[in-house]
Number of protein chains: 2
Amino acid sequence: MSRRLTLAAAQLGPIQKAEGREVAVGRMVRLMETAHRRGAEVVVFPELALTTFFPRWYEEDLANADHWYETTLPSPATAPLFAAARRYGIGFHLGYAEKTPDGRRFNTAAYVHPSGEVALKYRKVHLPGHSEFDPQRRVQHLEKRYFEVGDLGFPVVRAPVGGTEANIGMLICNDRRWPEAWRMLGLQQVELVMLGYNTPSLNMENRGFEAHHLRVFHSHLSVQAGCYQNACFAAAVAKAGTEDGHELFGHSIIVNPQGEIMAQATSWGDELILADCDLGMCELGRRTIFDFARHRRPEAYGRITGQTSSAAPPRWTPGQG
Amino acid sequence: MSRRLTLAAAQLGPIQKAEGREVAVGRMVRLMETAHRRGAEVVVFPELALTTFFPRWYEEDLANADHWYETTLPSPATAPLFAAARRYGIGFHLGYAEKTPDGRRFNTAAYVHPSGEVALKYRKVHLPGHSEFDPQRRVQHLEKRYFEVGDLGFPVVRAPVGGTEANIGMLICNDRRWPEAWRMLGLQQVELVMLGYNTPSLNMENRGFEAHHLRVFHSHLSVQAGCYQNACFAAAVAKAGTEDGHELFGHSIIVNPQGEIMAQATSWGDELILADCDLGMCELGRRTIFDFARHRRPEAYGRITGQTSSAAPPRWTPGQG
């Protein structure tokens, strides 16, 4: 069986706060049409793809924020995506804010099979930002207020994707900077990582020290290293452009297991990029340099799971021996 | 107190099998003289800096290989390095093959303070290659034969380096491809990683699938990601050029905590590169995106220490729900 997959990353331009889901969903359906015409078998949409990136707005009482969350999938608003998937025989990855029946809130992603069934769901583990209003910040980043830490771990499943099967996993936005998250997927033989993000061009927490021009570099560096070190493909897909006055940097990419960028979005709007992925390429790293069974040394990694924060090292002084 | 450090990476050209330690040590002393003239306060030499990369040669009985190993540091052969360090007030990092009094063999690195004292020692954990003669390979890579897995963990110490103090740690060659190794140092607040390597331009294990032109990219990608994700500097220093007929790719680099390359060797011979490192730059990442205490989630990282090799994921099929 061929292990070739034609993969599309569907970057979204900005979604303004005043726009309803039907605007975003309409644009996404058009991207799925384009993907179908170009022969794509799976389409990856970004994080929180249905609305503006609302965690930049403070809300005292989360009960007033329910309109940002999905309580069912599909819903009347998202049904056209499921219909398009069936019509075109295309699976899709969607990031969205999830509110569960028992009132819990997560930053979630799902991979929807063309049948309309959810084959895999992930809830973001590495929530950036803060939980209370921060008067020091010009722009808030309240993910820790709007969402709980994901409770599903880093799941991987082997699922039909296009005409083949693939081991798929997901990361969301800030997760991509954490090598632990990539490794958790690599330890489950992930072949394709679907990864959506909403990343501002300016780091509002940096207070003047981080060079803004390095922001895209850091994103790509993290994704390329993650793919290389875990011998997998990734579609890292942005919401881009100026959303409610705040610029998101775009630059969505598809990366192969050698860490090479196969395709890159260069606009700040809705844009489809495509790559033919030979999933057999994941084998090389796994049999050689990154043959975990031969080379990993978990007995030397104790601090990674044994402590959360860093600890100061001991001091050495001359004469101490 | 200023936290500026003038750091030198001293790439070495090839050392042929027939050459004695005095040849390498003479070249290293000259590099230390150059480093001193240029104002460097610390010099980082590569892995196994005193000899050819001998693990490419098979030896049935390791007792016949003792001449590749150091049993004391300094020895008469290495004493000129210690003398130069004292003379110039420069600390240095040296990679060497170590044989302990009880007969154990390690691929080791040491940071020697200008006083001649060893402030930090590390023994390579991620030994690549294999332990028995492999008739499939045109070139052997017998590190797993010549060395035991390092037994010192990934130590970090706060030590005087130049006119300041720095949290220093070490990786050796293949360690740099493993994000676990970087994270172990990051969890001890490492500020400067000293890292030597001997990496061939051709991967003799790849059997034709890995593009040779990506070898340097993979090395740099791993070092740049390690520095960015752990907010530290690194000097990644090669043995370069054609050694006993086998090409090593060089391209030594000094990298800052933003993952930027500050200096790069472009020859395949002895070459000194220099960078002014403001260790205060390590603070930015640690207070913001990579504030481990706020953002790491060790409870979700269980597989990293809980399993060595990867495990196949469960299968999902349509209709399964």
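These notebook entries record what I looked up in a predicted model.

**Entry 1. Relation of the two chains**

**Entry 2. Helix α2 of chain A**

Which residues of α2(A) are buried? In this helix, residues 79–88, I noted A:Leu81, A:Phe82, A:Ala84, A:Ala85 and A:Tyr88 as buried. They lie on the same side of α2(A), because they cover an arc of only 160 degrees around the axis.

I next asked what the buried residues of α2(A) pack against. Their partners are α1 (21–37), β3 (91–99) and β4 (105–112), which also belong to chain A. After α2(A) comes A:Gly89, with a positive phi near 65 degrees.

**Entry 3. Packing of α1 on α2 in chain A**

For α1(A) and α2(A) I read a packing angle of about 10 degrees and axes 9 Å apart. Angles under 35 degrees count as roughly parallel, and α1(A) is therefore roughly parallel to α2(A). On the α1(A) side, the contact is made by A:Val25, A:Met28, A:Val29, A:Met32, A:Glu33 and A:His36. On the α2(A) side, A:Pro80, A:Leu81, A:Ala84, A:Ala85, A:Arg87 and A:Tyr88 take part. I noted that A:Leu81, A:Ala84, A:Ala85 and A:Tyr88, listed in this contact, are among the buried residues of the helix.

**Entry 4. A sheet in chain B**

In what order do the strands of the open sheet of chain B run? I found six strands in the order β6-β7-β8-β9-β12-β13, with mixed pairing. The edge strands, β6 (156–161) and β13 (261–264), each pair on one side only. The twist averages 25 degrees from one strand to the next.

Within this sheet I examined β8 (residues 192–197) and β9 (residues 233–238) of chain B, which run parallel and are joined by six bridges. B:Met194 stands opposite B:Ala235 in β9(B).

**Entry 5. Helices on the sheet of chain B**

Helix α4 of chain B (residues 179–186) lies across β6, β7 (164–172), β8 and β9, and I read its direction as about 160 degrees to β7(B). Helix α5 of chain B (residues 215–230) also packs on the sheet, where it touches β8, β9, β12 (253–255) and β13. The direction of α5 makes about 25 degrees with that of β12(B).

Note on methods:
Residues numbered from 1 in each chain as written. Chains lettered and ligands numbered in written order. Predicted model: local features only at pLDDT ≥ 70, side-chain atom pairs only at ≥ 80, totals over all residues. Heavy atoms only, no water. Pairing = 2+ DSSP bridges. Helix = DSSP H or I, 4+ residues; strand = E, 2+ residues; numbered from the N terminus. Axes fitted to C-alpha atoms, helices over the stretch in contact; angles between N-to-C directions. Contact = heavy atoms within 4.5 Å. Buried < 20%, exposed > 50% of the residue type's maximum accessible area, 1.4 Å probe, protein only. Arc of directions from axis to C-beta. Parallel < 35°, antiparallel > 145°, perpendicular 65-115°, else oblique.
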